[in-house]
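Could you walk me through this model, starting with the overall fold and ending at the pocket? Please spell out the cut-offs as you go.

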Amino acid sequence: MSNRRELLLDTAISLLGERGVHGLTHRAVDTEAGLPPGSAANYFSTRDALLDAVVERVADRERDNWEQLWAARCPTTPAELAEVLAEFAHQATGPQRRLTLARYAVLVEAAHRPQLRTQLAAVGGRVRAYFLTWMRVVGSTDLARDAPIIMNCWTGLVLHQLSYPDPEFDPLAQLGPLVAALLPAPHGKRGSHEP
């Protein structure tokens, strides 16, 4: 990816995170990126083309975040999984706040633009693969049931924190009991926050 194209897309993500989908225009991207008028249009001829490219870039950045988390911590118990997901929730609502808001803006836009759904499903599948691997490692015997429950809870916690920021945000307080109820630790194998 060229540096200029990457700059335009990262700027578009920031705009989505700050202003929502209605704030995403070629002109706004050019201005915010400090590039001459028409720069974004040279790479993305229509607004739909820009939005499609943004979806790919959001997915790439989120995959990079998951890979970094994966490299740093690979959970092997349900308690460790809850801790990693809580850590990721803090990142998503803190340092990665704009990226997360951009993802949610695109998800809402997909309700009005069905063609985005296929693309979102494809790019989301990449990140989902990491999570499903973790679920297998920590002992899920019913991925079809367990994975959506945990990820939907995580998504809700993150969305709520983005909408109503709480300085005492503690996603582990809710994720820990949920994960423990769905994925009991094997006998004799305890996570770091279990007694």
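Here is a tour from the overall fold, through some helices and single residues, to the pocket.

First, some ground rules. This is a predicted model, so local features need pLDDT of at least 70 and side-chain atom pairs count only at pLDDT 80 or more, while totals for chains, interfaces and linings use all residues. Residues are numbered from 1 along each chain as its sequence is written, and side-chain values use heavy atoms, with hydrogens and water left out.

On to the fold. The protein has nine helices and zero strands, where helices (H or I, at least four residues) and strands (E, at least two) are DSSP runs numbered from the N terminus. Read along the sequence, that gives α-α-α-α-α-α-α-α-α. The C-alpha trace spans about 65 × 35 × 30 Å along its principal axes. Of the 195 residues, 44% count as buried; buried means under 20% relative accessible area, exposed over 50%, and partly exposed in between, using a 1.4 Å probe and protein chains only. A contact here means heavy atoms within 4.5 Å. Among the contacts with a separation of 6 or more, 70% come from residues 24 or more positions apart.

Let's start with helix H1 (3-19). Its 17 residues should span 24 Å at 1.5 Å a residue, and the end C-alpha atoms are 24 Å apart, which agrees. The expected span is 1.5 Å times one less than the number of residues. Buried residues in H1 are Leu8, Leu9, Thr11, Ala12, Ile13, Leu15, Leu16 and Gly17. An α-helix has 3.6 residues a turn, so residues three or four places apart point the same way. The buried residues of H1 pack against helix H2 (26-33), helix H3 (39-43), H4 and H6. Just after H1, Gly20 takes a positive phi of about 80 degrees.

With a relative accessible area of 0%, Leu8 is buried. Leaving aside neighbours within four places in sequence, Leu8 is in contact with Val29, Asp30, Ala33, Leu35, Ser39, Ala40, Tyr43 and Phe44. Leu8 and Asn42 are 34 residues apart in sequence, and their C-alpha atoms are 11 Å apart in space.

Next up is helix H6 (97-110). The 14 residues of H6 should span 20 Å at 1.5 Å a residue, and the end C-alpha atoms are 20 Å apart, so the two agree. Leu99, Thr100, Ala102, Arg103, Tyr104, Ala105, Val106, Glu109 and Ala110 are buried in H6. The buried residues of H6 pack against H1, H4, H5, H7 and H8. Zoom in on Ala102, which sits in H6 and is buried at 0% relative accessibility. Not counting residues up to four places away in sequence, Ala102 touches Ile13, Leu16, Gly17 and Val58. Ala102 and Val21 are 81 residues apart in sequence but 8.2 Å apart in space, C-alpha to C-alpha.

Two more residues are worth a stop. Pro75 lies in the loop between H4 and H5, and is buried with a relative accessible area of 1%. Beyond residues up to four places away in sequence, Pro75 touches Glu80, Leu81, Val84, Trp134, Val137 and Val138. Gln119, in helix H7, is buried too, with a relative accessible area of 16%. Neighbours within four places aside, Gln119 is in contact with Asp52, Val55 and Glu56.

What about cysteines? The structure holds zero disulfides, a disulfide being a pair of cysteine sulfur atoms within 2.5 Å. Cys74 is partly exposed at 39% relative accessibility, and Cys153 is partly exposed at 22%.

Finally, the pocket. A pocket, on a 1 Å grid over the protein atoms alone, is an open set of points where a 1.4 Å probe fits, with protein on both sides within 12 Å along at least five of seven lines; lining residues have an atom within 4 Å of a point. The largest pocket holds about 780 Å³ of space, the volume being the space filled by probe spheres set on the points. Its lining has 28 residues, of which Glu62, Arg103, Gly124, Val127 and Met151 lie nearest the centre. H4, H5, H6, H7 and H8 each supply at least two lining residues, and H7 gives the most, with eight. By class, the lining has 19 nonpolar, six polar and three charged residues. Ala, Val, Leu, Ile, Met, Phe, Trp, Tyr, Cys and Pro count as nonpolar, Asp, Glu, Lys and Arg as charged, and the others, Gly among them, as polar.
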